[in-house]
Structures are given as C-alpha cells and as structure tokens.
Amino acid sequence: MNHQNWRGFVFLLVGVALLANPLYLYPDGVSYETAVTFEGEQIDEIPHHGQLEMDLRYGNLQTDIHWCPGNGRECAIAEALADGQTLRYDIPPHHEPGDYDEPFPADYDYIRLTEGEDGYYRPAQTVENESIVLSLEQVDEETVMQAAAEEYHSDRPLHAAVENGTTTVVEDEVYWDGTILVERNGNYYVVRAVESHRYPTGWGWKAPPDIAIDAMRLAAWIGGVALVWRAGEWTERGR
C-alpha cells in the first residue's frame with residue numbers, strides 16, 4: 001500500500017468513526033445520573049383520602065398498616081373482632097399457657113377499619129381457660145403515626161425536605177423513591193418524590209448543556225463527511 005492509499009485508508013477510518021460517533025456520544029447507557037426531587041409536607045393526621053393516602057399505603061413506612069375496605073377476608077375478620085367477637089385457639093395437650101406469652105404473628109401491625117382517628121386497631125391476644133383468645137385492641141392515631149414514622153436525622157439526604165420543604169438528591173442517595181413519614185420534634189411530615197430527571201455525565205465528566213452535546217455531534221458528523229471525502233481523494237491519487 002503506497003503512501004497516498006495508506007493516508008486515504010486512515011482518513012476513511014477516522015471519518016467513519018466520526019460519522020458513527022453521534023450515536024455514542026454521551027449515550028445514557030455509558031454514564032448517567034438521576035436527580036430526584038422530594039417535597040416535605042407537615043401533616044396533623046394520616047390522610048384519609050386522596051393521593052396522599054395512597055402514597056402512604058404503598059410508601060416506605062416503618063410498620064405494616066392494612067387499610068379496610070380493600071383486603072377482603074382479612075377485613076371481614078378484623079371487623080368482627082373489632083365488634084367484640086373473639087377467636088379462640090385451644091392450647092394443645094402437653095403445652096402450657098406460658099408457651100404463648102409471645103403473640104401469634106399477624107399479617108399486619110395495625111389495621112384501619114373506619115375513617116377518623118378512632119378507626120385504628122392492633123392485634124391482641126390473651127389466655128383464658130386453656131385457650132388463646134385473639135382480638136383487636138383499639139389505638140389512637142398518634143400511636144400509629146409514631147410507629148410508622150422514621151426519626152428525623154439531619155444527615156439523611158431525604159430528610160432535608162423536612163427542613164427546607166424540598167430537596168434534590170442523586171439516585172445513589174435515595175433509599176426509597178416513594179413516600180416516607182418522618183417525625184421531628186413531635187411533628188410529622190410526609191416526604192415524597194415529585195420529580196426525577198436523568199442526565200448524561202459522559203465518562204466521568206460534568207454533563208455539558210444539551211446544546212453543547214448537539215453541537216459536538218454535528219461537528220463530528222461534518223468532520224466525518226469531510227474526512228471520508230478526503231479519503232476518496234487520496235485513494236484516487238494513489239492509483
């Protein structure tokens with residue numbers, strides 16, 4: 001391969017690389033970050049309707065709260081227990097009542113049967129006449145909120161929304177991308193994600209503006225066309 005053909009070959013390779021480069025310049029799959037914005041809102045009670053209630057139902061709570069209606073058989077049994085009915089479990093032979101000092105595991109820590117602050121219950125059990133009696137104990141809403149809330153910590157990025165009303169963090173700092181309940185000095189706050197934005201960072205670089213990325217892609221395309229054209233000229237000279 002003579003000098004002209006070799007130069008043309010090099011120009012062609014570089015030109016094709018530049019033409020292909022816009023497909024790979026700052027692609028999302030190579031290096032990116034996601035910024036998530038959280039907002040904090042003080043509440044006086046657990047919401048009983050609307051989106052905020054749904055957020056808390058499926059959010060990151062420190063305890064398991066079930067909501068009725070909506071859980072079918074479980075709610076029917078809970079409503080019967082709340083009305084004063086009981087379930088009895090006879091202690092098997094060769095077992096002592098003291099073997100059942102620890103409550104039977106339940107599917108929930110608290111259950112809400114009706115709207116309002118008096119609608120919350122938690123599983124309870126007692127031993128009566130060689131039987132385990134299962135029932136529900138009514139609790140106030142404050143008890144449920146205390147159990148469900150995280151304690152405020154200033155070093156937790158998401159908790160900054162409690163102090164400032166809003167905070168934006170990178171995805172690596174997000175341990176839950178839904179809703180959390182935070183307690184601070186006896187006050188309760190709902191912190192929930194309201195917006196996320198994914199942006200490229202390149203190969204460890206700061207992310208340039210979109211217009212800069214578009215300009216680099218255009219320049220690469222124009223440069224690629226010019227080099228391919230130039231490669232053709234050098235190939236012609238080498239013949």
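**Strand pairing and charged contacts**

Modeller: In this predicted model, strand β3 (residues 87-90) pairs with strand β6 (residues 131-139) in the antiparallel sense, over 4 bridges. Within this pairing, D90 has S131 of β6 as its bridge partner. Strand β6 is also joined to strand β5 (residues 120-128), again antiparallel, by 9 bridges; here Q125 stands opposite L134 in β6. The strands β5 and β6 form a hairpin with 2 residues between them, and N129 in the turn has a positive phi of about 50 degrees.

R122 forms a salt bridge with E137, with 3.2 Å between the closest N and O atoms. The pair connects R122 in strand β5 to E137 in strand β6, 15 residues apart. R122 is partly exposed, at a relative accessible area of 28%, and E137 is likewise partly exposed, at 35%.

This contact belongs to a set of 5 salt bridges in the structure. Another of them joins E163 and R184 at 2.5 Å, N to O. Because E163 lies in helix α5 (residues 160-164) and R184 in strand β9 (residues 179-184), the pair ties together parts that are 21 residues apart in sequence. E163 is partly exposed at 45% relative accessibility, and R184 is partly exposed at 25%. R184 has a further contact: its charged end sits over the ring of Y152, 4.5 Å from the ring centre.

Conventions
Residues numbered from 1 in each chain as written. Predicted model: local features only at pLDDT ≥ 70, side-chain atom pairs only at ≥ 80, totals over all residues. Heavy atoms only, no water. Lys NZ or Arg CZ within 6 Å of the ring centre and 35° of its normal. Pairing = 2+ DSSP bridges. Salt bridge = Lys/Arg side-chain N within 4 Å of Asp/Glu carboxyl O. Buried < 20%, exposed > 50% of the residue type's maximum accessible area, 1.4 Å probe, protein only.
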